Amino acid sequence: MNWPQTEAGLRRRRWRIAIYGSFAVGVVGLLVGVNVGLDLAGALLYLGGVAVGSACCLYACYWDDLTLSDERFAAIERRASHYTVSLIAYVGLAIFPLLFVLEAAGEFTFGPALEAALYAASALFVLWSVVYVVLRIRA
Amino acid sequence: MTVAHLRTEWITRRRYVGYILVVSLLGGLTAGYLLGGEHTAAALATGGVTAGLLALPRLVATRTLFDERDYRIDERAARYTMYVVMAAGIGGLVGPIVLEQLGVLPLQGWALFTGVVCMGIVYLYVGVSLVLRYSA
């Protein structure tokens with residue numbers, strides 16, 4: 001990615017590195033912590049990384065005069081969210097009915113993990129539907 | 001994506017035939033499963049839903065139910081949903097571990113798993129976002 005070499009461009013780059021770096025440190029910290037048996041330290045590191053990243057993001061957006069995001073970025077964000085939700089919907093619609101039929105035929109059993117995934121996906125689409133209806137009413 | 005484009009997409013004969021085949025297969029399998037469990041009313045309801053799904057593309061093609069505005073609302077709804085998923089992912093991943101380690105609550109597996117699933121969705125979103133950004 002090409003960054004503009006202006007003062008504002010360099011500041012924007014530093015802020016983005018700080019924000020994404022904080023999140024990355026948190027995620028890596030959690031994974032390492034869980035793998036070496038230091039669950040609490042990993043979780044706290046994760047929480048810290050997310051908190052620092054979020055605080056940097058809020059500070060840069062509201063208290064600094066820097067513009068981290070623009071119209072193009074917002075459009076990509078919207079499209080990415082839309083594609084992600086659509087992907088989950090299509091994969092879920094393709095897989096879960098098949099699993100129900102296989103379970104009815106005695107060829108497959110739903111484990112706790114898959115049941116939880118089913119509930120999580122259902123909750124996701126209930127939430128999406130509520131947001132959609134609210135936006136539709138307000139539009 | 002324009003209204004005309006969406007109309008053309010839906011009205012394409014090959015897509016419509018594919019759509020009917022998939023819906024019929026899924027509807028038939030679901031109805032068979034429900035009838036096997038002697039849930040006749042539910043099977044009839046499934047038949048109704050399947051018939052509705054079969055009719056939907058025709059309705060869309062003639063009345064143009066979806067336009068640019070719907071598409072925007074669709075995207076915005078997905079965006080706000082993703083914010084909630086991110087928040088649930090962070091809380092669900094960290095909360096159970098911290099509470100368990102501090103001795104407040106035994107490890108809540110369901111909450112931890114929900115956090116893992118939500119973070120999986122977030123990582124999928126980040127991947128899609130990166131692909132879109134670098135292909136833009």
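This note sets out points on the predicted model of chains A and B.

1. Confidence. The model is a prediction, with an ipTM of 0.74 and a pTM of 0.66. The mean pLDDT of chain B is 73, and 56% of its residues reach at least 70. Among the elements of chain B, helix 5 has the highest mean pLDDT, 85, whereas helix 1 (residues 3–11) has the lowest, 55. Where pLDDT is low, predicted coordinates should not be read in detail.

2. Composition of chain A. Chain A contains 4 helices and 0 strands, in the order α-α-α-α from the N terminus. Of its 139 residues, 16% are buried. Among contacts in chain A with a separation of 6 or more, 47% are between residues 24 or more positions apart.

3. Composition of chain B. Chain B has 5 helices and 0 strands, and its elements run α-α-α-α-α from the N terminus. Buried residues account for 21% of the 136 residues of chain B. For contacts in chain B between residues at least 6 apart in sequence, 55% link residues at least 24 apart.

4. The interface as a whole. Contacts between the chains involve 36 residues of chain B and 34 residues of chain A. On chain B, at least two residues each are supplied by helix 2 (13–36), helix 4 (68–101) and helix 5 (109–135). Helix 4 of chain B provides the largest share of the side that touches chain A, namely 19 residues. By class, that side of chain B has 24 nonpolar, 6 polar and 6 charged residues.

5. Helix 3 of chain A against helix 4 of chain B. How do helix 3 of chain A and helix 4 of chain B cross? The axis of helix 3 (residues 71–104) of chain A comes within 8 Å of that of helix 4 of chain B, and the two cross at roughly 80°. The two helices are therefore roughly perpendicular to each other. On the chain A side, the contact is made by Glu77(A), Arg78(A), Arg79(A), Ser81(A), His82(A), Thr84(A) and Val85(A). On the chain B side, the residues are Asp74(B), Glu75(B), Arg76(B), Ala78(B), Arg79(B), Thr81(B) and Met82(B).

6. Helix 2 of chain A against helix 4 of chain B. Helix 2 (residues 39–63) of chain A packs on helix 4 of chain B at an angle of about 140°, with the axes 9 Å apart. These helices are therefore oblique to each other, and the crossing is left-handed. Helix 2 of chain A contributes Asp39(A), Leu40(A), Ala43(A), Leu44(A), Tyr46(A), Leu47(A) and Val50(A) to the contact. Helix 4 of chain B contributes Ile90(B), Leu93(B), Val94(B), Ile97(B), Val98(B) and Gln101(B). The contact comprises 11 nonpolar, 1 polar and 1 charged residues.

7. Packing within chain B. Helix 4 and helix 5 of chain B pack with their axes 7 Å apart, at an angle of about 135°. They are therefore oblique to each other, and their crossing is left-handed. The residues of helix 4 of chain B in this contact include Met82(B), Val85(B), Met86(B), Gly89(B), Gly92(B) and Leu93(B). Those of helix 5 of chain B include Ala111(B), Leu112(B), Gly115(B), Cys118(B), Met119(B) and Tyr125(B). This contact has 14 nonpolar, 6 polar and no charged residues. Met82(B) also takes part in the contact with helix 3 of chain A, and Leu93(B) in that with helix 2 of chain A.

8. Two individual residues of chain A. Leu118(A) belongs to helix 4 (residues 112–138) of chain A. Is Leu118(A) buried or partly exposed? Leu118(A) counts as partly exposed because 16 C-beta neighbours lie inside 10 Å, and 20 or more would be required for a buried residue. The C-alpha atom of Leu118(A) is 8.4 Å from that of Gly92(A), although 26 residues separate the two along the chain. Ala51(A), in helix 2 of chain A, has 13 C-beta neighbours inside 10 Å and therefore counts as partly exposed. The C-alpha atoms of Ala51(A) and Ile19(A) are 9.9 Å apart, with a separation of 32 residues along the chain.

Notes: Residues are numbered from 1 along each chain as its sequence is written. Chains are lettered from A and ligands numbered from 1 in the order in which they are written. This is a predicted model: local features need pLDDT of at least 70, side-chain atom pairs count only at pLDDT 80 or more; totals for chains, interfaces and linings use all residues. Two residues are in contact if their C-beta atoms, placed from the backbone, lie within 7 Å. Ala, Val, Leu, Ile, Met, Phe, Trp, Tyr, Cys and Pro count as nonpolar, Asp, Glu, Lys and Arg as charged, and the others, Gly among them, as polar. Axes are lines fitted to C-alpha atoms, for helices over the stretch in contact, and angles run from 0 to 180 degrees between N-to-C directions. Angles under 35 degrees count as roughly parallel, over 145 as roughly antiparallel, 65 to 115 as roughly perpendicular and the rest as oblique. pLDDT is the predictor's confidence in each residue, from 0 to 100. A residue is buried if 20 or more other C-beta atoms lie within 10 Å of its own, exposed if 12 or fewer, and partly exposed in between; C-beta atoms are placed from the backbone. A crossing is left-handed if the near helix is turned anticlockwise from the far one by less than a right angle, and right-handed if clockwise.
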